[in-house]
Amino acid sequence: MGSESVVSVVNNMSHAGSVVCLLHLLLFLRVGAQLGDNVRQRWPVPYRRFDRRPAADSYCEALFPFCPTGDRDGQIPYMSDTDVISVYRLQTPVWEFKFGDLLGKFHIMHDAIGFSSSETGANYTMEWYELFQLGNCTFPHLRPDVHAPFWCNQGAACFFDGIDDPHWSQNGTLEKIGAITGNQFNDMAQWVQDDNETGIYYETWTVRSDPGPNATVWFESYDCSQFVHRTYRKLSELGAKLSSRSQTNYTKIYLYSGEPSYLGNDSAIFGQPALKNLATDIRKFYHTFRPHQSFIDFAISLLEAYKKVVLDKSFYLYYNFEYWHLPMKPPYVQITYEEVPLP
């Protein structure tokens, strides 16, 4: 074979090799793009479920005890198959027992469901709320002996005998919205216990891109009204027909931000030298919202919160036991009282 033939073969082989490499590169980029699509962040971030509810930490203390008259083991009475159970929509201002209608003037409402047995005449109330009050679920404690912020953010269902008519009707709502059979009630009770065992933490905020109807929801709240909505949907799935004579409005507390940035969990952020500045910034942010402040400290904290959230346009959100940074946008924070129709 002559030298020109050898050079031609080598050139052809080089050309063929280049084509193969190019094809491999294009295939790699295509697969990479598909994988990128598959791992692209899902909005809203799904609420994390757990296999079982852990015991509450002894550090967490409630100003008012959780579910003081409910069954300690969370048991719900079994109803006769032939029973007919009336279902009631219950709503009242948060802490109505202490402040009357004060928080109701700001549409900060608490929601629950009532039941009444036609066979026994017994009445029951079912609600889902914070084990250690709303403030502890919204902001953490900063303990000197623990580097990461310490959260007392569990929420749970409470089922107890009786319906306190004045508590619900005087400044809120007590309305019959339907009736179910004993079997439907028992199926709902089993669902409530399963839901309560796997959904363990309270989340105050709903985070959206803006107040408009086409806004992106980044994070959903997980609170008393969401539990009521889930229960209504479950009853509807079981065949219940629910209806209200009035508009069914519920409290929502919104934060508005651009697309959130994932930061990591406690072990990824706190105690890592490379992320010392981030860890310090998160602790400084939550120090503004610490509990048990004097009047003067509280006034100073309000100014600090305004600077961080409005002027610096920054908020650290704790969701699914992980931290996210929110680049805040006007109107920043908003409490609404909006309609959610019955299913």
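This is a predicted model: local features need pLDDT of at least 70, side-chain atom pairs count only at pLDDT 80 or more; totals for chains, interfaces and linings use all residues.
In β8, Tyr256 is the bridge partner of Arg208.

**Strand β8 and its neighbours**
- Strand β8 spans residues 249-257, and eight of its nine residues are buried, so the rest of the structure largely encloses it.
- On the parallel side, three bridges link β8 with strand β6 (residues 206-208).
- β8 and β11 run antiparallel and are joined by eight bridges; here Ser257 stands opposite Met328 of β11.

**Helix α9**
- Helix α9 covers residues 295-311, 17 residues in total, and reaches 23 Å from its first C-alpha to its last, close to the 24 Å expected at 1.5 Å a residue.
- Its buried residues are Ser301, Ala305, Lys308, Val309 and Val310.
- Looking down the axis of α9, you will find these buried residues within an arc of 160 degrees, so they line one face of the helix.
- The cover over them includes α8 (276-287), β10 (314-319) and β11 (322-339).
- Turned away from the buried side, the other face of α9 carries exposed Ile296, Leu303 and Leu311.
- After α9 comes Lys313, with a positive phi near 55 degrees.

**Nonpolar cores**
- The largest nonpolar core holds 61 residues, and Phe115, Phe185, Phe219, Tyr286 and Phe315 have the most contacts inside it.
- Leaving aside residues up to four places away in sequence, Phe185 touches Ile76, Pro77, Met79, Ile85, Phe115, Phe159 and Ile180.
- Another core, of six residues, lies apart from the largest one; among its members are Cys60, Phe150, Cys152 and Ala156.

Key
Residues are numbered from 1 along each chain as its sequence is written. Side-chain values use heavy atoms; hydrogens and water are left out. Helices (H or I, at least four residues) and strands (E, at least two) are DSSP runs, numbered from the N terminus. The expected span of a helix is 1.5 Å times one less than its number of residues. Buried means under 20% relative accessible area, exposed over 50%, partly exposed in between (1.4 Å probe, protein chains only). The arc is that of the directions from the helix axis to the C-beta atoms. Contact means heavy atoms within 4.5 Å. A nonpolar core is a set of buried Ala, Val, Leu, Ile, Met, Phe, Trp, Tyr and Cys residues joined through side-chain atoms within 4.5 Å. Two strands pair if DSSP finds at least two bridges between them.
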